[in-house]
Amino acid sequence: PMISSDDARMLPNLVEAYSITNKNVPDTTIEIAHTTKFAQGTFGRAYGAGGILAATAGYSAVDPSNQVGDFKNMGSYAVGENTAGVSILSATYTGVKGLKLQLWDYYAYDLINVIYGEANFSWNCLLSDSVKPFVAAQFIKENEVGDKQLKALGGNGNIDSTYWGAKVGASVENFTAYVAYSQTSSNSATDSDYANAIISPWGGMPAYTQGMVTRHQFLAGTKAYKLAASYNFKAFGPDFKAVLYYANFDMDKNNGYTVGDASESGFDLIYN
């Protein structure tokens, strides 16, 4: 969830990593991994100015504009300082029908520790089997684990941030719609921009409320909601899906980037 391909443009992000996956425990997948290098894809160019906006939108706080395709040390890419990479431990449980539970820990040496949790549950409506409601919740907790690299961001380190989101919706045959809400902890007037923001410099963007480009939900103090609906035309032959969405971001005055609220509406047309 927090290190991802984010292929909104032509080339995806790539990583150099070593991982071990174990499925010996019934209905449970356990993964241990260590990532050493990150190669930015072309979408990072959208955040060429770096800074707090880029760091919370999935890219380098230093300079994402000219790093496409270059495998760089994880810390060097994120904040301009070499680190020992990011170690990951995760567990995913699917032992109950319709339920999926995930818990991830990302230890980015000399930078941050990130805990990500998510729960998804879907069921058949009692009135009609064609209606399938679903609910989901997610949580992110970040803490600094070394201030050398954080100070390279121009702040005073001290990251101690939280984010939570929830989503509810339903599918009716090939039509799906949902509403989502999220909130990130707020900065005080004396905090650095990064103190209560969710830092995600390696393409990870799992938030229920993100727009395609507008990703203010991880800036400190943001309250966001998103409405989305999709329809899959596969019943008529082609594997073609159309998606419409609207996302709104209520910005806190101490978010470190913008003084105004923001919104984004858009669509996806997906053909396999």
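Visitor: What is the bridge partner of Leu89 in β5?

Guide: Asp105 is the partner of Leu89 there. Keep in mind that we're looking at a predicted model.

Visitor: What makes β4 and β5 a pair?

Guide: Two strands count as paired once there are at least two bridges between them. Strand β4 (residues 86-93) and strand β5 (residues 99-108) have eight bridges, in the antiparallel sense, so they pass that cut-off.

Visitor: And which residue in that hairpin takes a positive phi?

Guide: That's Gly98, with phi near 85 degrees; the hairpin of β4 and β5 has five residues between the strands.

Visitor: How do you know that β5 pairs with β6?

Guide: Count the bridges again: ten join β5 to strand β6 (residues 112-122), running antiparallel. The cut-off is at least two, so this is a pair as well. Within it, Tyr106 stands opposite Val114 in β6. The β5 and β6 hairpin has three residues between the strands, and Asp110 in the turn has a positive phi of about 60 degrees.

Visitor: Let's switch to Asp6, in the segment before β1 (14-22). Why is Asp6 called buried?

Guide: Because its relative accessible area is 12%, and buried means under 20%.

Visitor: What makes the link between the side chains of Asp6 and Tyr59 a polar contact?

Guide: The distance is 2.7 Å, and the N or O atoms of such a pair have to be within 3.5 Å. Tyr59 is also among the residues that Asp6 touches, along with Asn13, Phe43, Gly203 and Arg215, leaving out residues up to four places away in sequence.

How values were computed
Residues numbered from 1 in each chain as written. Predicted model: local features only at pLDDT ≥ 70, side-chain atom pairs only at ≥ 80, totals over all residues. Heavy atoms only, no water. Helix = DSSP H or I, 4+ residues; strand = E, 2+ residues; numbered from the N terminus. Buried < 20%, exposed > 50% of the residue type's maximum accessible area, 1.4 Å probe, protein only. Polar contact = N/O pair within 3.5 Å; in protein donor to acceptor, adjacent residues only side chain to side chain. Contact = heavy atoms within 4.5 Å.
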